[in-house]
Amino acid sequence: MSHMTPSARLLNGSHFQVTEFILMGLPGIHSWQHWLSLPLALLYFTAISANLLIFITIWKEPKLHQPMYQFLSILSIVDIGLATTIMPKILAIFWFDAKAISLPECFVQIYAIHGFVGMESGIFLCMAFDRYVAICHPLRYPTIVTNSFLFKVTVFMVLRNGLLAIPVPLLAAQRDYCSSNEIEHCLCSNLGVTSLSCDDRRPNSICQMILSLMIMGGDLTLICLSYALIFWSVLKLNSAEAASKALSTCSSHLILIFFFYTVIVVIFVTHLAERKYPLIPVLFNVLHNIIPPALNPLVYAFRTQDLRLGFQKLLLPVKNIK
């Protein structure tokens with residue numbers, strides 16, 4: 001049964017107009033979904049604290065004022081933004097049964113999710129280009145990847161994802177929500193919200209597909225091209241040690257890229273089985289927005305010696321003085 005009061009109002013005597021949505025949580029497990037709040041809260045705490053630690057360490061340690069680490073610090077801010085866009089509301093649903101969300105809040109969340117996910121994809125592309133120049137054109141690296149380049153490409157990514165994400169919530173806001181307002185989800189996903197509309201939602205689906213192909217598909221194509229050129233360049237090195245060292249600087253990045261884009265493909269595929277197994281795509285959608293922000297700093301922390309030394313200087317200052 002749909003919630004129609006006070007979350008909907010009667011127009012023209014017979015036409016209901018939804019004024020807020022009800023986020024029901026994870027489909028099929030409403031009675032015990034609150035137990036999942038513990039691991040999700042732990043992931044959120046890890047994402048916030050670890051990304052803050054990376055950002056502060058890179059900011060305070062002069063040795064880490066290199067483009068590769070500066071891109072990582074930008075990624076940390078994006079990860080904090082992505083996790084904070086969804087997790088407080090999810091935890092409020094699980095802990096306090098605060099399921100209601102106004103239409104404007106819901107559309108803002110849709111915009112923020114698309115913007116931050118696009119930014120993360122864009123930063124991965126910048127990091128791939130950084131590694132390509134460093135390995136394939138090492139002598140030209142200081143003149144290509146400069147502070148000016150870093151600033152320009154960051155501004156471009158913010159503008160690209162900030163502007164291209166606008167049509168998604170804008171089209172969602174133009175739909176007519178006149179019947180059910182219960183969303184079987186923990187967050188406002190574009191397709192989940194527009195599935196409740198009483199009119200044609202195909203423009204929303206087409207818009208999201210085109211933007212996904214433009215942003216995510218374009219970034220992934222260029223990332224694959226960058227690494228194909230890197231591997232080709234490494235294969236031409238005479239020294240196995242030099243080849244191993246060159247690839248080791250890319251390993252952390254490759255792990256994160258593989259996880260990020262693989263989960264997106266999994267979400268897309270599981271949406272095909274949504275009617276039979278509605279929990280799977282919803283759960284993957286939530287995990288995709290919280291696991292990468294928690295995983296990114298851990299992968300870099302374990303696999304990057306300069307970053308580990310920076311952590312030690314920041315967290316154990318007395319020991320370092322001695």
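**View 1.** With two strands taken to pair if DSSP finds at least two bridges between them, this view shows an open sheet of three strands in the order E4-E3-E5, with mixed pairing. The model is a predicted one, in which local features need pLDDT of at least 70 and side-chain atom pairs count only at pLDDT 80 or more, while totals for chains, interfaces and linings use all residues. Residues are numbered from 1 along each chain as its sequence is written, and side-chain values use heavy atoms, leaving out hydrogens and water. Strands (E, at least two residues) and helices (H or I, at least four) are DSSP runs numbered from the N terminus. Strand E4 (100-102) and strand E5 (182-183) stand at the edges, each with a single partner strand, so one side of each lacks a neighbour in the sheet.

**View 2.** Strand E3 (residues 20-23) is joined to E5 by two bridges and to E4 by three. E3 and E5 run parallel, with Leu23 having Ile183 of E5 as its bridge partner. E3 and E4 run antiparallel, and here Phe21 has Ile101 of E4 as its bridge partner.

**View 3.** Helix H8 (residues 202-235) bends by about 30° at Gly217, the bend being the angle between axes fitted to the seven residues ending there and the seven starting there. The 34 residues of H8 reach 47 Å from first C-alpha to last, close to the 50 Å expected at 1.5 Å a residue, a span that is 1.5 Å times one less than the number of residues.

**View 4.** Several helices line the second largest pocket, among them H3, helix H9 (240-271) and helix H10 (279-303), each supplying at least two residues. H9 gives the most to this lining, with six residues.
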